[in-house]
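Student: Could we go through this structure together? I would like to begin with the overall layout and then turn to particular sites.

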Amino acid sequence: MALMKSWVESANAADCPFPLNNLPYGVFSNGEDEARCGVAIGDMILDVTLLEEEGVLVVDEDDPVFDLPFWNDFMEMGTEAWTALRARLTTLLTDGGDDAISGNADLKSRALVAQSDAEMHMPIVVTEYTDFYAGRHHATNVGTMFRGAENALPPNWLHIPIGYNGRASSVIVSGTDVRRPWGQLKSPDHDMPAFLPCRRFDLELEMGAIVGTSSDGPITVQEADDNIFGYVLLNDWSARDIQAWEYQPLGPFQAKATATTISPWIVTKAALEPFRCDTPAREFELLPHLKDVGPMLYDIDLSVTLAPEGKDATTIAETNYSQMYYSAAQQLAHHTTAGSPMNVGDLLGSGTISGPTKSERGSLLELSWGGKEPMTLDTGEARTFLEDGDTLTLHGAAKGDGYQIGFGDCTGAVLPALKDPYAR
Ligand code: MN
């Protein structure tokens, strides 16, 4: 596939994250105006809410779909509507296509908003949030640190995608600051735990899959893939010292309850089609209901940058989504096996994505090997875990022939812990 040309000139640059091939969905506001649905094209946002009001985009003939600032109502309409909207937007934005916008100077000036003038909001109402642990290199690294190389992967790991139910209420959009949490910690040097600000605050480089079609009861891997609407970058902020003390036997709880940041644009499954790739070779054959039924991972380059307060950013990790052992479709299929309904707006975190080499590790826990091997930033500063004032950013793009499908940054700065979390 090659670059599709748009009359929005900035969309045609080879390094533009939002060419016509992409068309990711988000929610934005511009100045005092209420938040609206939009699609990114080049360095602009096309105001989908306005186009529906003006009758240029008709998704449902009876009711407006984009009169609320989130994409859940549209997702709920199903795959035919998803395909139809993408086709209509493509026609409207193609160089030489339908000139309903390009040929109407007044509408064009009102419908296109510069991304630099816009504030981004949560693109969906997250109905529920689950996070997995499905990157083999990450699980092996963490397991080696905590249990030794012999017991690195738990015995179930190669047979089911391990996960835990997280908090939808803690999911926030890129650009929102994250405050260092307090929690119960137990230092190996002390007999008793203490309630203190987290000292080992960390990131997890992940992708998030968004469920666009609900289900009630077990679904196949193919059905699960069909039900996924799109993908975002996801940072699962993690308090490692809280996690180490609390995680047995029921898994992470408060360590993961501070915040989960997602990138503002939902990149649709349709935009990622040319980049599908297979999961890695299987050590054990998966049980039939979890077996791969086609390429369901994606070739997406990922990286992480860390910028100390007021200083330049250093790239601290570079890897690829194709390193996952389980696809989001397999995770979603597994999630439904015991009968749990899945809802439109369900968010599934992939699990930390790490590659086989040191520079491909998707968390500071791994990069600093449990805090024992500090890394040196380009500024000369050392880091084991995140410091107050650090800005952490995830970047992602699928690279095509003369174009790329970008995700938009997934960023957040670390604020210092409150002096007293119970002060009233
Ligand atoms: Mn995670």
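This is a predicted model: local features need pLDDT of at least 70, side-chain atom pairs count only at pLDDT 80 or more; totals for chains, interfaces and linings use all residues.

Student: Into which domains is the protein divided?

Tutor: There are domain 1 (9–121) and domain 2 (129–415), with bounds from an automatic or database domain assignment. Their centres, taken over C-alpha atoms, are separated by 29 Å. Domain 1 gives 25 residues to the contact and domain 2 gives 25 residues, where contact means heavy atoms within 4.5 Å.

Student: What coordinates the manganese ion?

Tutor: Asp131 (OD), Glu204 (OE), Glu206 (OE) and Asp236 (OD) do so, at 2.1 to 2.2 Å. Donors are N, O and S atoms within 2.8 Å of the metal (3.2 Å for Na, K and Ca); water is not among the atoms, so sites may look incomplete. Along the chain, the donors follow the spacing D-x72-E-x1-E-x29-D.

Student: Where do Asp131 and Asp236 sit?

Tutor: Asp131 is in strand 6 (residues 128–132) and Asp236 in strand 14 (residues 228–236), 105 residues apart, and the pair links distant parts of the chain. Helices (H or I, at least four residues) and strands (E, at least two) are DSSP runs, numbered from the N terminus.

Student: Are those two aspartates buried or exposed?

Tutor: Both Asp131 and Asp236 are buried. Buried means under 20% relative accessible area, exposed over 50%, and partly exposed in between (1.4 Å probe, protein chains only).

Student: How much of helix 9 is buried, and what covers it?

Tutor: Eight of the eight residues of helix 9 (residues 328–335) are buried, so this helix is largely enclosed by the rest of the structure. The cover over its buried residues includes strand 6, strand 13 (205–211), helix 6 (221–227) and strand 14.

Student: And which residues of helix 3 are buried?

Tutor: In helix 3 they are Ala81, Trp82, Leu85, Arg86, Leu89, Thr90, Leu92 and Leu93. Seen down the axis of helix 3, these fall within an arc of 165°, so they line one face; the arc is that of the directions from the helix axis to the C-beta atoms. The face turned away from the buried side carries the exposed residues Glu80 and Thr83.

Student: Changing topic, how many disulfides are there?

Tutor: The count is zero, a disulfide being a pair of cysteine sulfur atoms within 2.5 Å. Cys37 is in none, and its nearest cysteine sulfur, that of Cys410, is 20 Å away.

Student: Where is Phe275, and what does it touch?

Tutor: Phe275 is found in the loop between helix 8 (269–272) and strand 18 (276–277). Phe275 is buried, with a relative accessible area of 7%. Leaving aside neighbours within four places in sequence, its contacts include Leu297, Tyr298, Lys399 and Tyr403.

Student: Lastly, which strand holds Val414?

Tutor: Val414 lies in strand 27 (residues 410–415) and counts as buried, at 1% relative accessibility. Beyond its neighbours within four places in sequence, Val414 is in contact with residues including Val178, Phe201, Trp237 and Leu386.

Terms used
Residues are numbered from 1 along each chain as its sequence is written. Side-chain values use heavy atoms; hydrogens and water are left out.
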